[in-house]
Structure formats: structure tokens, C-alpha cells
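Biologist: Could you open the model for me, please? I would like to go through a few local details with you.
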Amino acid sequence: MTNHILNLFAIKNLSELSYKYRLLEVTKLPQKNKNYLENLHRLAGMVASSLCKPVCLYWQGNKVYLATTELTKDIKTEWRLIPHVAVLVPDSNIYELNFSDITPHQIKLALRLLSYNIRSALIKVPEIWNDSYGSFYFREAINAGDDSQVDVLRGFVYRLHYLADKNIYISLDPTIRYVDRISLWARVINGEDVNHYRMHHFLYKFGVQWYRIQFLASTDYCISEQIFYSERDKKTYNVYDYTKKFATASDLEVATQVDPNSIAIVYQYPYKNLERYGASDLCYKTYKTNDQKVAKLHPYSILKPIDRLEKSKELIDKYFHNIDFGNNFQLVIPAEPLEKNIDKFEIPDLIFGNNKILHIKRNDENTGINIQDYGKTRLKLLLEKEAGLLTRDSLQVQYIFIPSSIDRSIAQKFQEDFEYQMGKFFPHSYKFKKIIYDDKKAKNLRQQVEVIKAEVEKNEIDRGCALLILPENAHSDFHNFIKRELYETLQFQCVDAGNVKKFFILQNNEYQINENPKQKQRYFSYIRCTALGMLLVNRQWPFALKDSLHYEVYIGIDVLNNVAGFTYIYNGGKDCYFRPYPSAQGEKLTERQILSILKKDLQKDINSLDLHPKSIIIHRDGRSYIEEYQGFIKAINALQQEGFLVKDVQVGVIEIHKSSSSRLRLYYKPTNELSNTVENPSIGDYFIIDNAEGIVCTTGWPFNFSGTANPLHIKIAYSNLELDITQVLSDVFSLSQLGAWAAPDKSARYPATIKLGDTFLEPIASESDDQAALYSEDEPDEEERGAYLTDEDKDEDE
């Protein structure tokens, strides 16, 4: 156990806080309907929006209630959830919520009430604006004086947590958002096609009210001509007049800010299918952190552990101090983060080729390697003949596609070096079948794809793996599109000709490798990374876990743009399969589809691998859905009836949140130093929130990187028998070691169930089917979905 600090700040005066609340039973809503839970959450959001008060779902036995502090006589009884109508039946009792003695049923209500008070106070702070639930950003850019085209807005995200010590804490983590400096209208004036931005996110600056939107389309009219009906006051306006009337501004005149001749647009709020009209002159594009346009601004987002923690403390002290609670009390939240002794998981032993075991020396052991050498030793063993690859199956035909536009000397040298590198991984020689394709006339995506498809047909290729060198003028989606188009025929690994060319210099009319030591080192590192990717394309797994996991079979599931990816991991990673399937829905899978896919795949794998699993766990990328779990259970039942599974098999669904809704950070506090410095945690450090949630550090010491380690947030969503959260976290950590297959010398944040799925799913998922999923910037949690609608939204949802 080691001493750590968490970015958790305790509310110290819980004993002074209490609330009276009332219950309304939810009736007439069909419980067997597949959207029952979704309808319950939507109902709670609609009632909260109508009351402008927090509302929480509350279960007692088989009955479901809405809990609220509002007088129940002021709440209408019938609520439309097309085609259903929910009827609320008030309970005549008045209940007491004592924050120093919260019952399990009252936890969510207590957190919702506190969060409502905090959020209400923060919304009134003039220098910040509210984005999604619990996230706020400053209006003034921290890079206002530079020549960038993008503003960097600092902000923070807070969440509330009820921990095992029966105290309530606020987690607070600094963050940033990138926002364009020119409006959408300015882009149109500059000649850009506005339709290119369909489903992109924008910051809408409606006077002092700023909020994020998703652009849907432009209209055929300017804002002084485009009319619409306003639910706010039941009148018809054009967009320009509406903006002048309702966009309050303290330091500017809206009439001079907005051009009446700018185009009108149609937009929706993220995650809400409610269309609204707006002005393109008020739209400012936001960017994801992986967008190339903001690459040079990344240093603003990278904070050392001590700087991040100090910023959290500063924000707590400034904005969470003396927030009103009720009429008589204020929240007491000192800027003193929680210190805890944290347990950690040991790095599991790994098995390589020739049964070579990698073991990390523990405590006073005499065997094994030092943990500081862990990353480089993983890579070293792959290159050694005594170890090497774990999977050494025979390869299909290997092709290399070379564009005619690249200089022959560059292509030849790159091919030779790549074949040599691949040969170091295999116990036998590795050679490409070379195909040169004419890219000089292929100017657009369709032409570039057709050139490759023509070569595949010409060479009568019906299966194999290929390294595709993309031409320097390649369309940005060429590599994904060709992988998608030829997935059933060829598995591709791609490199860019421009990236290859930069390692060469022209000497005596021939290109030679740049002999600068740093450049040469980067070149061979590039070759090695590409070769590791080619191994995965060939389904040659570098190493696996030596010992069994707590739960035997793991299935990773993700859905991206109407394509579902299923990643099956058996025997600690010794046997892995990725299988894609089309999905009719953008985010979730139907019960019937899960049943069909899992029954077929598990039956096939259990039979071929001669498995007798007693536990099968799903790792769901992001949010899970009850329909998926129900399909999972039906698949298990069918396999049990057919004799493929034992009767008492344990199953469960674990949510792996890439963008953590918990916003928890762990910091290591050295005990041998007098200074107040903190460092990144070690990989394997973990913290349990409750018996169904926790965080685990998959990045951190001994790996070096700039910035602060970001733990994975893990949640047990469903299970037929109780799962042990410690064992769940342990298995996630162990599987994250296999997530490093593509870069063995580095740490991997995600377990192989998720990482492998990302690697193979993203290139083949069609963006055209669901652009909203492609451009989605973050994942809302349960409270953000439908909880706080604007005045304009209330009547439509009611």
C-alpha cells in the first residue's frame, strides 16, 4: 500500500444538511417494453425540466417512483412518452433526507440535489459558461494574444461521489476546449461549403448564453427572412429579430454582432433530437483533441501532476466556496484533497514464443527483471530468437502496393528494410509480392480506390495481407475506405509515402537514408512500429498472459457508425478473434442481434478450442444497454440447453469508459521528500468507489510521458451473479498489458478487448451511415441525457 492523493474534496458539513422530499409512483408505463428504462430516465428529465428542480428515479421493491423536493400537487399527473402515457400517483408522505445518514435508496437523490445546488451557483458566475452536465469553461481564451486560428478555453469538470466512508466528495479535474476564432458565416464568406460541417459541433454564442450545438443544415434564407414559431412566447419570429430580443448581452450589442444577411441554420443540441433555428454568425466550430488543426496547441492541455492538482485546489477554493444550500446553510468544501493508502495490482507474467516468461521482480525476489525495464524488455524479447512471437501460424500471401509516384530507390530501400524487420520477428524469412499501381491520374477518393481494386482483380488476389503505401496526394479517408471495401479479400496495413520520404535525402540523383543519428533512429523506429501493426493484421499475437484471469472468457463489444465489432479473448490472450457485423442502430445492438451473434460465435469457439468456461464477461466500450444484456442472457441460456456451457456459468457486463465520467485522478505522494510535490501513480494502482465501480491506472510509472496519468473508469453494469469489483479491475489491468501489442515498449491505456476492437473496427466502420457518431466529442452520462432542457424544449418534450 502506498500513499496517494485523489482529486476528491469532501463536503465537511453534511450533518447540517437535510431536505424534505416527496415521491410519485410511476404507473401505466409498460415494464416489458424494451425501452422501459430509457423511458423512465426520459420521464425524469421531462419532469425535472418542467419543474426546474432536480428529479431522481427511486426504486422500492417492484415499484418505481420519482423523488422530488417540489410539492406534488404542483406536478401534472399525465406525461406523454409516445405512444405511452405515464401516470404519476403522488405518495401522501413527506420523507426526510439527512445527508449525514443516507440510506442506499437515497444516494442518487442526495447527489442530484447537491449537484443541482452547485450547478445553479456556477451558472451565475459571469466569467464561465456551462457546457455539458458538470462541465464549465472560461469565456476568455488563454492564448488570446497569439496568431492561432483557434482559441483555447480552460475549464473544469466536476462530479459528486458517495464513498464507502459515507462521505460525499466532489471530484474536480481541469480540462480545455478548442474553439474557432471565426464564425461559420465567416467561413461561408471565405468560400467554404457549409454542408461540409453537417453534424459537427459548434459553440453557439447567444449573447452571454453560450452553449454547444450540432449543425444540421443551412436554410435557403438569411436570418432576417427565416421565420419560425417560438415555444417561449408562442409567437412567430425571424431569426434576426428573435436574436435581438432574447440574446441578452452585457458588453456588446447583439444587433451589431449579427449580420442580418448571414445564412440561417438548423441545429440540434447534442444527444437531443430537437431541431432549432439559429444564426451562422453565432456559430464557432469546436475541435477534438486529435484534430490536426489544434496539434500545435496541445501543450496547453498537458499539465504535470503537481500543476493539475494545484489547479483543482485553486478552482475548488474559488468557485465551490460557500455555495448556498437551502435557505440557512452553505456548503463547506475546503480545498484539501483526499489522501489515501492505495492498493496496487502486480504486473502479470507474460508468455512469449518458446515458452519464454517475462516476470517482474517483486519485493526481495532474486528472479525477474526490474520494473523500470518492463517496456523495453517486452520489445527486446520479441526480437530475440530464444523468445519471439507467441503466435507463429503460417502466413497468407503478403503483398506490398507501391504507388508509381514514389521514387523507386525509396520504395526499394523501404521494402528491404521492412522485410528485414519482419524477418526478425519470425523464425523464417519474410518476403512481399510487389505490386506497383499507377496513382498519377487518381486525383479523388473514388479514383484512388478503383486503382487498388483494379490491381487486386488483375493479380487475381482472393485472400492475403498487404502493406499499402499511400501516395502523397491520397484522400484523407483513402486508407479507411480501402480497408472497408476489400475487408473480405485483403487485410491492409497502411503507410504514407510522405512520411516515408522524409527519412531520405537526395544524393547524386538517388535517395539515401538520412545518416543523421536521430533521423536514422526515427526511421527504424517507424519501420518497427509499422511491422508490429502488420503482425496484428496477420493475427500474429506477440505475447499473452501466463496465468489465468479471474474470469475466463472476455468479449469486447463496440458499435461505430452502424458497424458492431466483437473481440473474443480466450486463454489469457493466446486465442483472439475479431469479427465485425452490420448494425441497424448507431449506438446499441438489439436483443435479437446480440443473441444471434454471441450464440453462433461462442458455440464455434468453445467447440474448436475445447473450452469449458465457468464465466463469460462482456467489456462494453462506453455505455451498455439492457437490451444487449438480455440478448446476452438468452444466448447463454441457449448454449446451456445445447450442452456447450455449464448450468451455473457466471456472466456480466462491464462498462469501460474511455472518457471517464468519474473525473477521478490519482497522484502519488512521495514519502521520502519534504516538498509538497506529487507524481504520477504506478501502473496497477487502483481505487474502489463502491462495490460496482472503481478506477485502475493502466498508464503511469515506470513509463515516461508528458502530462498526468488518466485512470480507466470501470463499472459493473449487469451480472447474473455478483461480480467482485477488485477482480474485475484486476482483469482489466492484466488485459491492458495485451493492449500494448502494437507498441510493446509503451504502456497501453485500454485492455485488449477494447484496443483490438478499436484497431480493427475504426477503419471499416462506414462514416456515411451515422455522422453523428463520428463527430461526437464526448460521452454523456445518465444525468446529462435529457436532464436539463432549455425553455424552448419543455413543451415539445411534454
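Biologist: Let me start with N562: is that residue buried or exposed?
Modeller: This is a predicted model, and in it N562 is buried, because its relative accessible area is 14% and buried means under 20%.
Biologist: And where does N562 lie?
Modeller: N562 lies in the loop between β31 (553–560) and β32 (563–570), and its phi is near 65 degrees, which is a positive value in a residue other than glycine.
Biologist: What about E460, what is its phi?
Modeller: E460 has a positive phi of about 55 degrees although it is not a glycine, and this residue is found in the loop between α9 (445–458) and β26 (465–470). With a relative accessibility of 70%, E460 counts as exposed, whereas N562 is buried.
Biologist: Switching topic, how do β28 and β29 run?
Modeller: They run antiparallel, with four bridges joining strand β28 (residues 504–507) to strand β29 (residues 510–513), and together they form a hairpin that has two residues between the strands. In the turn, N508 has a positive phi of about 50 degrees.
Biologist: Which residue stands opposite I505?
Modeller: That is Q512, which belongs to β29.
Biologist: Now for peptide bonds, which residue does a cis bond join to P83?
Modeller: A cis peptide bond joins I82 to P83, with an omega of about 5 degrees, and P83 is found in the loop between β5 (78–81) and β6 (84–90). A cis peptide bond also joins W701 and P702, where omega is about 15 degrees, and P702 sits in the loop between β38 (693–696) and β39 (712–719).
Biologist: How many salt bridges does the structure hold?
Modeller: It holds 38 salt bridges. One of them is formed by E96 with K20, whose closest N and O atoms are 2.9 Å apart, and this pair links distant parts of the chain, since E96 is in strand β7 (residues 95–98) and K20 in strand β2 (residues 18–27), 76 residues apart.
Biologist: What does K588 form a salt bridge with?
Modeller: Its partner is E627, and the closest N and O atoms are 3.1 Å apart. K588 lies in the loop between β33 (575–582) and α13 (591–609) while E627 is in helix α14 (residues 626–641), so the pair ties together parts that are 39 residues apart in sequence. Both K588 and E627 are buried.
Biologist: And which residues do salt bridges that share partners join into one network?
Modeller: Those are D173, R308, R663 and R665.

Technical notes
Residues are numbered from 1 along each chain as its sequence is written. This is a predicted model: local features need pLDDT of at least 70, side-chain atom pairs count only at pLDDT 80 or more; totals for chains, interfaces and linings use all residues. Side-chain values use heavy atoms; hydrogens and water are left out. Two strands pair if DSSP finds at least two bridges between them. Buried means under 20% relative accessible area, exposed over 50%, partly exposed in between (1.4 Å probe, protein chains only). A salt bridge is a side-chain nitrogen of Lys or Arg within 4 Å of a carboxyl oxygen of Asp or Glu.
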